[in-house]
Amino acid sequence: MKVVIVCVSVSHGNTARGAEVMARVLGARVVSPEEIEPADLVSCDLVGFGSGIFGMDFHPRLLRFVEALPGEQRRKAFVFTTSGLPEPPFRRYLRRLARLLGHKGFDVVGTFSCRGFDTWLPFRLVGGIGKNWPGTADLDAARRFAEGLAA
């Protein structure tokens with residue numbers, strides 16, 4: 001199975017750590033949106049899309065990449081994220097990205113999220129929140145998630 005994980009991890013490497021754990025399980029390579037062309041996804045069986053959460057949404061670079069993808073992808077995908085706070089019920093960003101990928105023709109087969117170290121304002125004023133996230137338990141959960149995708 002050919003797998004690529006498109007990941008934006010800019011603040012503290014939270015999302016990159018989770019992506020690398022999943023990549024080891026799936027035999028995937030992890031790339032930024034700028035390192036891959038949409039046409040390169042045609043040969044993939046499974047594509048992961050993930051970033052940290054910025055202003056209650058995925059990173060703009062990842063969203064621009066997904067929005068620029070042509071329709072009719074006809075492949076499987078998964079969505080993942082890290083964030084300082086849990087996903088609020090009034091802003092379901094995981095569902096929003098999964099829906100956007102669905103409109104592009106992807107079959108979204110799973111989503112994963114865990115907490116991450118966050119120094120976005122106002123948290124920066126107190127040194128950030130979640131300094132030990134993602135922790136061992138979070139990365140183990142990411143590994144189990146990827147094993148489920150591989151099965």
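**Close-up A. Four phenylalanines form an aromatic cluster.** In this predicted model, Phe78, Phe80, Phe112 and Phe145 make up one aromatic cluster. The structure holds five aromatic pairs. Phe145 also turns up in Close-up C, where this residue is part of the contact between helix 1 and helix 4.

**Close-up B. Phe49 and Phe106 pair edge-to-face.** A pair of aromatic rings is described by two values: the distance of the centres and the angle of the planes. For Phe49 and Phe106, the centres are 5.5 Å apart and the planes stand at 80°. An angle over 60 degrees counts as edge-to-face, so this pair is edge-to-face. The two residues come from distant parts of the chain, 57 residues apart. Phe49 sits in strand 3 (residues 46-52). Phe106 sits in the loop between helix 3 (93-103) and strand 5 (107-115). Both Phe49 and Phe106 are buried.

**Close-up C. Helix 1 packs against helix 4.** Helix 1 spans residues 14-26, and helix 4 spans residues 136-150. Their axes lie 8 Å apart, at an angle of about 35°. The crossing is right-handed. Helix 1 brings Arg17, Gly18, Val21, Met22, Val25 and Leu26 to the contact. Among the residues they meet in helix 4 are Leu139, Ala142, Phe145 and Leu149. By class, the contact has ten nonpolar, one polar and three charged residues.

Close-up D. Arg143 has a relative accessible area of 31%, so Arg143 is partly exposed. Glu147, at 39%, also counts as partly exposed. Both residues belong to the contact with helix 1 as well.

**Close-up E. Arg61 and Glu34 link distant parts of the chain.** The side chains of Arg61 and Glu34 meet in a salt bridge of 2.9 Å, N to O. Arg61 is in helix 2 (residues 60-68). Glu34 is in the loop between strand 2 (29-31) and strand 3. The two are 27 residues apart. Arg61 is partly exposed, with a relative accessible area of 25%.

Close-up F. The closest N and O atoms of Arg74 and Glu72 are 2.7 Å apart. Exposed means over 50% relative accessible area. Arg74 reaches 62%, so Arg74 counts as exposed. Glu72 reaches 58%, so Glu72 counts as exposed too. The structure holds seven salt bridges.

Terms used. Residues are numbered from 1 along each chain as its sequence is written. This is a predicted model: local features need pLDDT of at least 70, side-chain atom pairs count only at pLDDT 80 or more; totals for chains, interfaces and linings use all residues. Side-chain values use heavy atoms; hydrogens and water are left out. Axes are lines fitted to C-alpha atoms, for helices over the stretch in contact, and angles run from 0 to 180 degrees between N-to-C directions. Helices (H or I, at least four residues) and strands (E, at least two) are DSSP runs, numbered from the N terminus. A crossing is left-handed if the near helix is turned anticlockwise from the far one by less than a right angle, and right-handed if clockwise. Contact means heavy atoms within 4.5 Å. Ala, Val, Leu, Ile, Met, Phe, Trp, Tyr, Cys and Pro count as nonpolar, Asp, Glu, Lys and Arg as charged, and the others, Gly among them, as polar. Rings of Phe, Tyr and Trp (its six-membered ring) pair if their centres lie within 6.5 Å; planes under 30 degrees apart count as stacked, over 60 as edge-to-face and the rest as tilted. Buried means under 20% relative accessible area, exposed over 50%, partly exposed in between (1.4 Å probe, protein chains only). A salt bridge is a side-chain nitrogen of Lys or Arg within 4 Å of a carboxyl oxygen of Asp or Glu.
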